[in-house]
Structure formats: C-alpha cells, structure tokens
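Trainee: I have not worked with this structure before. Could we go through it one question at a time?

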Amino acid sequence: MHLTANEDTRQVMTDNSARYYGVELNDDTLLPRKGARTGSLRHGEWLSTSG
C-alpha cells in the first residue's frame with residue numbers, strides 16, 4: 001500500500017521465514033493484546049498526511 005501511494009513500482013516479494021530483529025514471527029506476534037488502546041487514524045489517512 002505504501003509503495004503504491006508513493007508511485008513506487010518496485011515488486012514486493014514475501015518470505016515466510018524472514019525474521020524480525022532475529023525473531024521468527026507468527027500470525028499474531030505484532031498484534032495488540034487484549035485491553036490495548038487504539039487510535040482512530042487509518043493507514044490511508046496517515047499516508048496522506050505524511051511527507
């Protein structure tokens with residue numbers, strides 16, 4: 001989404017075994033836990049306000 005919003009035509013390739021700071025992630029690793037406070041700003045809105 002970010003590449004498209006910035007008219008970047010590079011192809012994105014995924015790697016299911018890639019690590020994040022040395023840790024292998026699963027489907028819920030980077031999700032907020034129960035009781036987390038979340039904001040109302042959506043990704044598309046954030047992209048339109050960032051430079």
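Mentor: Start with one definition: a residue is called buried under 20% relative accessible area, exposed over 50%, and partly exposed in between. Keep in mind that this is a predicted model.

Trainee: Is serine 48 buried or exposed?

Mentor: Serine 48 lies in helix H2. The cut-off for exposed is over 50%. Serine 48 has a relative accessible area of 60%, so the label is exposed.

Trainee: What distance separates the C-alpha atoms of serine 48 and leucine 25?

Mentor: Along the chain, serine 48 and leucine 25 are 23 residues apart.

Trainee: How confident is the prediction, and where is confidence highest in the protein chain?

Mentor: The protein chain averages a pLDDT of 86, and 94% of the residues score at least 70. Confidence is lowest in helix H1, residues 2-5, at a mean of 81. The highest value, 90, belongs to residues 19-20, which form strand E1.

Trainee: Threonine 4 lies in helix H1. What is the distance between the C-alpha atoms of threonine 4 and glycine 22?

Mentor: Threonine 4 counts as exposed because its relative accessible area is 63%. Threonine 4 and glycine 22 are 18 residues apart along the chain. Their C-alpha atoms are separated by 28 Å.

Trainee: How many salt bridges are there?

Mentor: Side chains of opposite charge can pair when their charged atoms come close. Another joins arginine 19 and glutamate 24, at 3.5 Å from N to O. The count of salt bridges comes to 2.

Trainee: Why does arginine 10 count as exposed?

Mentor: Aspartate 8 is partly exposed, because its relative accessible area is 24%. Arginine 10 counts as exposed because its relative accessibility is 59%.

Trainee: In the other salt bridge, is glutamate 24 exposed or partly exposed?

Mentor: Its partner is arginine 19, which counts as exposed at 53% relative accessibility. The cut-off for exposed is over 50%. Glutamate 24 has a relative accessibility of 45%, so the label is partly exposed.

Trainee: What kind of aromatic pair do tyrosine 20 and tyrosine 21 form?

Mentor: A pair of aromatic rings is described by the distance of the centres and the angle of the planes. The count comes to 1 aromatic pair. For tyrosine 20 and tyrosine 21, the centres are 5.0 Å apart and the angle between the planes is 85°. Planes over 60 degrees apart count as edge-to-face, and this pair is edge-to-face.

Trainee: Where is tyrosine 21 found?

Mentor: Tyrosine 21 counts as exposed because its relative accessibility is 77%, while tyrosine 20 counts as partly exposed at 43%. Phi of tyrosine 21 is near 50°, a positive value in a residue other than glycine. Tyrosine 21 is found in the loop between E1 and E2.

Trainee: What accessible area does the nonpolar patch on the surface have?

Mentor: The patch is formed by Tyr20, Tyr21, Val23, Leu25 and Leu30. Together, the five residues named have about 580 Å².

Trainee: What is phi of glutamate 7 near?

Mentor: Glutamate 7 is in the loop between H1 and E1. The residue is exposed because its relative accessible area is 71%. Its phi is positive, in a residue other than glycine, and near 55°.

Trainee: Which residue does the side chain of aspartate 15 contact through its own side chain?

Mentor: Aspartate 15 is found in the loop between H1 and E1. From threonine 38 it is 23 residues away in sequence and 28 Å away in space, C-alpha to C-alpha. At 2.9 Å, the side chain of aspartate 15 makes a polar contact with the side chain of serine 17.

Definitions and conventions
Residues numbered from 1 in each chain as written. Predicted model: local features only at pLDDT ≥ 70, side-chain atom pairs only at ≥ 80, totals over all residues. Heavy atoms only, no water. Patch = residues over 30% accessible without salt bridge, like charges linked within 9 Å, V, L, I, M, F, W, Y side chains within 5 Å. Areas by Shrake-Rupley, 256 points an atom, 1.4 Å probe, with all protein chains shown as cover. Salt bridge = Lys/Arg side-chain N within 4 Å of Asp/Glu carboxyl O. Buried < 20%, exposed > 50% of the residue type's maximum accessible area, 1.4 Å probe, protein only. Phe/Tyr/Trp six-rings, centres within 6.5 Å; stacked < 30°, edge-to-face > 60°. pLDDT = per-residue confidence, 0-100. Helix = DSSP H or I, 4+ residues; strand = E, 2+ residues; numbered from the N terminus. Polar contact = N/O pair within 3.5 Å; in protein donor to acceptor, adjacent residues only side chain to side chain.
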